[in-house]
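Here is a short briefing on one structure. Look at the sequence and the model first, then read the points below.

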Amino acid sequence: MNDRPILEVKALRKRFLASKGLFGAKTEIKAVDGVSFSVMPRESFAVVGESGCGKTTLGKLVLALEEPTSGQVFFDGVDMSALTGRALRKLRRRIQVIFQDPYSSLNPRMTVESIITEPWIIHDMHKDPAARAKKLAKLLDDCGIAKTFLTRHPHEFSGGQRQRVGIARALALDPELVVADEPVSALDVSIQAQILNLLKDLQQERKLAYFFISHDFSVVRHLCTRIAVMYLGRIVETADSETLFNDPQHPYTEALLSAVPVPDPSIEKRRKRIILTGDVPSPLKPPMGCHFHPRCRYLKDSCRTQDPSLAEARPEHLAACPVLPFKDRRSNAALIAI
Amino acid sequence: MEPVLSVRGLRTHFVTPERTVQAVDGLTYDLHPGKTLAVVGESGSGKSVHALSILRLLPQPPAKVMAGEILFRGRDLLKMPPEEMRGIRGDRIAMIFQEPMTSLNPVLRVGEQIAEAIILHQKVSKEKAWAKAADLLGKVGIPHPEERVHDYPHQFSGGMRQRAMIAIALSCEPDVLIADEPTTALDVTIQAQILELMKDLQREYRMAIILITHNIGVVAEMADEVVVMYAGRPVENAAVGDLFKDPRHPYTKGLLASVPSIYERKERLAAIPGQPPDLGDGFTGCPFAPRCPVVMERCSTQDPPQFHLKGGRMTNCWNAEDESEERSHRFETSRGDR
């Protein structure tokens with residue numbers, strides 16, 4: 001296997017200017033504030049966080065839909081910010097995106113066939129009718145779309161079927177990396193399971209790498225092998241999925257995991273929950289020191305002033321908390337007294 | 001113990017010249033004081049329409065309650081004169097909604113909106129009502145309530161707005177609180193706060209809660225009793241422990257198996273194939289039959305009755321016929337008439 005990352009993000013920053021009131025002074029929002037990570041080929045990597053943590057902006061930066069304030073995005077070793085025009089378009093072919101809302105991300109005037117095959121026209125591919133038909137048939141089959149759908153329009157379909165069309169369009173160009181921004185959160189659970197299984201199958205068959213953006217730990221656990229947790233524009237912890245779920249090393253990750261309701265009343269009745277006080281602070285005015293300190297239950301004086309950076313808690317497991325290691329801390333698994 | 005609210009054979013349809021949508025078609029349950037009953041289902045299952053039917057908040061036409069009874073302390077709300085219903089709505093039975101931003105008036109101060117409910121039902125002075133509004137805001141966990149009571153909704157975060165909604169709902173110490181997806185729009189850490197708050201307040205006020213949700217994890221955490229709905233009909237009524245341990249309806253089984261959990265990494269989720277039916281099409285037999293893994297011949301022609309099983313549970317599935325102790329029709333009301 002190739003051990004060069006398919007996607008590498010280095011010290012990425014994105015700032016937006018927001019004005020307070022109509023004539024108010026401009027304030028800077030650090031939507032993405034110094035984020036670094038890499039995704040290997042065929043790996044599924046997830047960024048998890050609550051609303052406003054910058055995960056969607058990060059996705060746009062990776063897709064080169066936003067220009068970073070500083071830092072770089074390397075796709076297969078190539079710095080994307082150095083590319084323009086044709087070169088960028090050629091590279092983009094290898095990165096595709098699946099959006100959250102299949103109701104607003106498909107053009108209502110186009111038929112399913114034109115939605116799925118439009119990328120081929122844009123990139124001037126598969127012009128031979130026979131080859132094209134064969135390619136389309138395979139794609140429909142892989143994504144579980146009936147042939148009879150081709151002449152119909154998106155409004156005739158339910159959310160799950162639309163999301164299949166969105167996935168087929170994303171895969172039409174045989175990408176190597178798929179950015180999926182909350183691809184199942186608009187769907188009902190029984191349909192969500194269908195789409196998650198589909199994404200998993202497609203990954204194996206087509207050797208895809210996923211960059212998955214989500215707020216839902218249960219979904220991420222099912223699909224992804226490595227996870228980064230974001231809070232106020234920064235990654236606070238990153239580890240392989242099993243380690244992160246069983247032994248989180250950042251207090252925010254720990255609280256997030258404990259807040260997720262578990263579909264089992266016998267666990268729910270026994271489990272101790274960490275209830276975070278207060279809201280996520282405004283990204284306009286992030287707290288001094290560690291951004292998480294006002295809500296942290298392991299708060300020490302130094303946390304108010306010292307801004308922690310990611311440090312190795314164990315090999316391949318980074319956490320931005322200097323109070324590490326919490327020797328006396330019970331791991332998340334221990335929070336359920338089964 | 002006497003139920004505080006009993007729904008009997010409720011049928012709410014939407015009638016337009018083109019077609020009739022059977023949004024709720026025969027729903028029966030009992031709600032006991034101080035308990036939480038979860039109504040679970042996917043979009044379009046009729047769970048929200050049933051709640052609005054209880055409070056008589058549906059626009060008629062196109063909505064029409066075709067049959068059924070909603071007995072509140074022994075009196076049928078559906079037959080109550082409108083003036084009397086106004087005395088119950090917001091006073092004895094209160095409701096909170098999914099999207100706290102759209103359910104608060106953006107041009108009125110939060111305090112004013114809480115005081116409005118108090119003045120309407122309790123005939124107290126404006127000053128007293130505002131003082132009580134501040135008390136209530138404190139009670140639902142908003143810091144500095146005496147100051148925040150003068151804020152406008154946009155100055156509140158999503159979690160705080162839902163707390164304000166709960167304060168309005170609690171202002172008259174209702175017997176029944178209907179919560180329609182109260183945490184769906186919130187982040188998980190905030191969801192955990194709101195659910196905890198609802199549990200505390202339920203204990204304090206001995207309120208009965210009807211919790212409408214699609215989130216199986218939230219059901220496991222909150223509910224005592226559960227009604228599972230599919231295509232406008234109840235498919236299973238059971239105590240929460242029984243339902244998760246031993247689901248009897250194939251839809252409930254499929255639903256529970258399709259939910260990913262953070263405590264367990266499944267290779268594949270057991271998705272339910274297919275889509276829910278279109279409620280306007282009209283169907284004979286069991287609406288779940290086309291997706292059911294244990295479908296029998298009679299399922300597509302004969303409407304299953306409600307089979308009453310041991311332990312006070314019910315399921316609408318022909319497969320449960322052999323062990324049922326009694327059967328009833330889902331349109332049956334307490335007087336035995338249709």
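In chain A, the C-alpha centres of domain 1 and domain 2 lie 30 Å apart. Domain 1 covers 7–224 and domain 2 covers 251–338; domain bounds come from an automatic or database domain assignment. This is a predicted model: local features need pLDDT of at least 70, side-chain atom pairs count only at pLDDT 80 or more, and totals for chains, interfaces and linings use all residues. Residues are numbered from 1 along each chain as its sequence is written, while chains are lettered from A and ligands numbered from 1 in the order in which they are written.

**Between the domains of chain A**
- Domain 1 of chain A gives nine residues to the contact, and domain 2 of chain A gives six residues. Two residues are in contact if their C-beta atoms, placed from the backbone, lie within 7 Å.
- On the domain 1 side, strand E2 (26–39) and helix H7 (217–223) of chain A each supply at least two residues. Helices (H or I, at least four residues) and strands (E, at least two) are DSSP runs, numbered from the N terminus.
- E2(A) gives the most to that side, with four residues.

**Between the chains**
- The contact takes 34 residues from chain A and 39 residues from chain B.
- On the chain B side, H8(B) gives the most, with seven residues.

**Around Gly160(A)**
- Gly160(A) sits in helix H5 (residues 159–171) of chain A.
- Why is Gly160(A) called buried? Because 23 other C-beta atoms lie within 10 Å, and buried takes 20 or more (exposed is 12 or fewer, partly exposed in between), with C-beta atoms placed from the backbone.
- Gly160(A) and Gln194(A) are 34 residues apart in sequence and 8.1 Å apart in space, C-alpha to C-alpha.
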